[in-house]
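Let us start with a term and then walk through the parts.

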Amino acid sequence: MPVQHPVERHTIAVIADNEPGVLARIVGLFAGRGYNIESLTVAETDADKHLSRFTVVTSGTPMVIEQIKSQLDRLVPVHSVSDMTLGGPHVERELALLKVVGTGEKRVESLRLADVFRAKVIDSTTESFVFEITGATDKVDAFIGILRPLGLVEVSRTGVAAIARGKTPM
Amino acid sequence: MSSVADAARPASQAEMSGSEIILKALVDQGVEYIFGYPGGAVLPIYDAIFQQNALRHILVRQEGGAVHAAEGYARSTGKVGVVLVTSGPGATNAVTGLTDALMDSIPIICLTGQVPTHLIGNDAFQEADTTGITRPCTKHNYLVKDVTQLARVMHEAFHVATSGRPGPVVIDLPKDVLFAKGPYRAPETVRHRSYNPRREPDMARVAEAVDLLVNAKRPIIYGGGGIINSGPEASRLVTDFVRRSGFPCTLTLMGLGAVPAADPHFLGMLGMHGSYEANMAMHDCDVMIAIGSRFDDRVTGRLNAFSPNSRKIHIDIDPSSINKNVRVDVPIIGDVAVTMRALLAEWQRRDPTLDRKAIAAWWERIEQWRGRNCFAFAQGPDIIKPQYAVERLYQLTKDRETYITTEVGQHQMWAAQLYRFEKPNRWMTSGGLGTMGYGLPAAMGVQLAHPDALVVDVAGEASTLMNIQELSTIVQYRLPVKVFILNNRYMGMVRQWQELLHGNRYSESYMDALPDFVKLAEAFGCVGLRCTKPGDLDGVIREMMANGRPTIVDVAVDEKENCFPMIPSGAAHNEMILGPSSDGKPGKPVSEEGMVLV
């Protein structure tokens, strides 16, 4: 058996042609080779050139991470693969929409905490709020954890979008 | 020039039907043969084929045979193999061959019919999600919904199939697109916007590699199928390096022929059924240079015991092959021929003084391992040993232009061990996928490309039945293919593993009710020969070679013979089991971890 190396979490950005089946190729590669996907965010980022940007958060040993990047880069419609985690300082954000149902003290408390976390109220009824929060994964996790005892009933998250700091583009 | 080719001149302006665009693109790409089987969705292409003479269509008897035939054609010529099948079952039958071509890096273009665009997704008759099904078993695939994109896709597909690490590409063609009129574009007008793999190595890495090599005391060269795929020039350069350096060289199953077997530096194939000397040398070396090989599990044995004390150099065109199974010290991404040219130039520039004393001592150890005579077998007077049959086949055919294909199993390993290949592209075998039924259709493709050569499918009786219908094809096209069956009435390799791992319980590995292969050959219109005695073997082989007709030779061999030497699964290179006739000791029983490995 190979020597066990520590599992690392990496954020990988992939630029690929926005064509039918490209998402299936990327997801199929991860499924077929047994790699993890912790989150995956996709959208077209250049309509003129028909390019999409995929941000994949994955985990594995350094050798597996290297394989993931090589395998992604080998896909024919993929233009570039960059490892944000290794590539120097970068920022990661995700957006979550959280539905909290309750009345009385719990309802007031959730609103107070939303303020602390700089979450926005984007929908409300007399018995519920929908909060929008944007931040690093840890911050979103923390907010979700804190809302759970306060009536959190539904979570929708986008997964991570990431970009390198500084003036140089990918 | 064909009528199809002429029709498109003066090129781009004239509108052509989708089917005509496809054939024109194939002709412009230098295609001679299409292996295929018609059906409703591809009838327009077949109609266009009928009306031209530039391309020759070979009608197989099952679509799986078409892909293997194209693989045989591709591997023996270095060109692209082209396949044409219909939608639904036509495409699904091609899947095994596509997977085989992906695993062994063979350039294939497979055109699949599809139901008309407006019916896609409707569960129409003979509809299958071909691009969905073939996504993981092709290098790339396309669904062409717009005839204006068809010429571009055709040329792009050839670029993708042949550049970088070669592989199969599927083009799925809805029937309405075949009828629609559109413009043609010449190959040179198409450039791929994202896929342009690098061929030139990083020279700093090459220098690092030479640093390691010139200081090696126990070097080994470990070459693979990437050398063959890179072209004959790559084989010449690697052979040149072997001779210039005086280093020992071993080749993988896929690499056989890259360095001439007669060269004294060649230690034979390595891996699970490779030679003792090759595996021991891999285990004990101090510098290894892997050239176009991928550290497959059949080659490495137990990974944490694989060549534990060596520094490793790895040349490969596919970055994902590097550091996949084994971490290497000097990775070099590049084409084998281009990289070896650079490496040889650097080597000559330095004019190195090697540690001749250490290398001579290394060769002495290797000669001792060689002395174990690991492929030895004892041929008695009565029963034909399968190894003897391969040995005689080799001796009698070696002076002719001979191409060998195989099925999968014991016979394949015996052929790899005992047939000696002096040139690349002479050996076609299903290495990565291990596809039984590969050899007969592959031989068909080889024979078409080399009509005057002797093409022999070294077969087992079980494997060859998997695509036996292709006998009908070889008769139709008067291909004098020889099927040389080592008939032991067992799925030999399955039985061998049952002996090794499952207490001799021969679960379903005995082939009851086998056909009479002589009568079977005759029923198809081939010649059938049988051989049961060692003394008759040469005569039967000579008859097979002389008759100029498709022939099955049914050689009744020792039913209980096993293939040695062997690295049991989960064992290391230096834990090889040697056969009873070699000067060896019995191996260790297979470990529990080894049991679960394939």
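A salt bridge here is a side-chain nitrogen of Lys or Arg within 4 Å of a carboxyl oxygen of Asp or Glu. With that rule, Asp141(A) and Arg157(A) pair through their side chains, with N to O at 2.8 Å. The two residues are 16 apart and link distant parts of the chain: Asp141(A) sits in helix 4 (residues 137–147) of chain A, and Arg157(A) in strand 8 (residues 152–157) of chain A. Helices (H or I, at least four residues) and strands (E, at least two) are DSSP runs, numbered from the N terminus.

Two notes on how to read this: the model is predicted, with local features needing pLDDT of at least 70 and side-chain atom pairs pLDDT 80 or more, while totals for chains, interfaces and linings use all residues. Residues are numbered from 1 along each chain as its sequence is written, chains are lettered from A and ligands numbered from 1 in the order in which they are written, and side-chain values use heavy atoms, leaving out hydrogens and water.

Over all chains, the salt bridges come to 40. Chain A itself splits into domain 1 (8–83) and domain 2 (90–163), with bounds from an automatic or database domain assignment. Their centres, taken over C-alpha atoms, are 28 Å apart.

| Pair | Contact residues | Buried area | Carbon and sulfur share | Salt bridges |
| Domain 1 of chain A and domain 2 of chain A | eight and eight | about 520 Å² | 46% | zero |

Within chain A, Thr11(A), Thr41(A) and Arg53(A) supply 55% of the area that domain 1 buries against domain 2, more than any other three residues.

Now for the second largest pocket. A pocket is an open set of points on a 1 Å grid over the protein atoms alone, where a 1.4 Å probe fits, with protein on both sides within 12 Å along at least five of seven lines; lining residues have an atom within 4 Å of a point. This one is lined by 49 residues, with Ser70(A), Gln71(A), Arg74(A), Asp318(B) and Ser320(B) nearest its centre. Helix 2 of chain A gives the most to this lining, with six residues.

Notes: Contact = heavy atoms within 4.5 Å. Buried area = accessible area lost by both parts, 1.4 Å probe.
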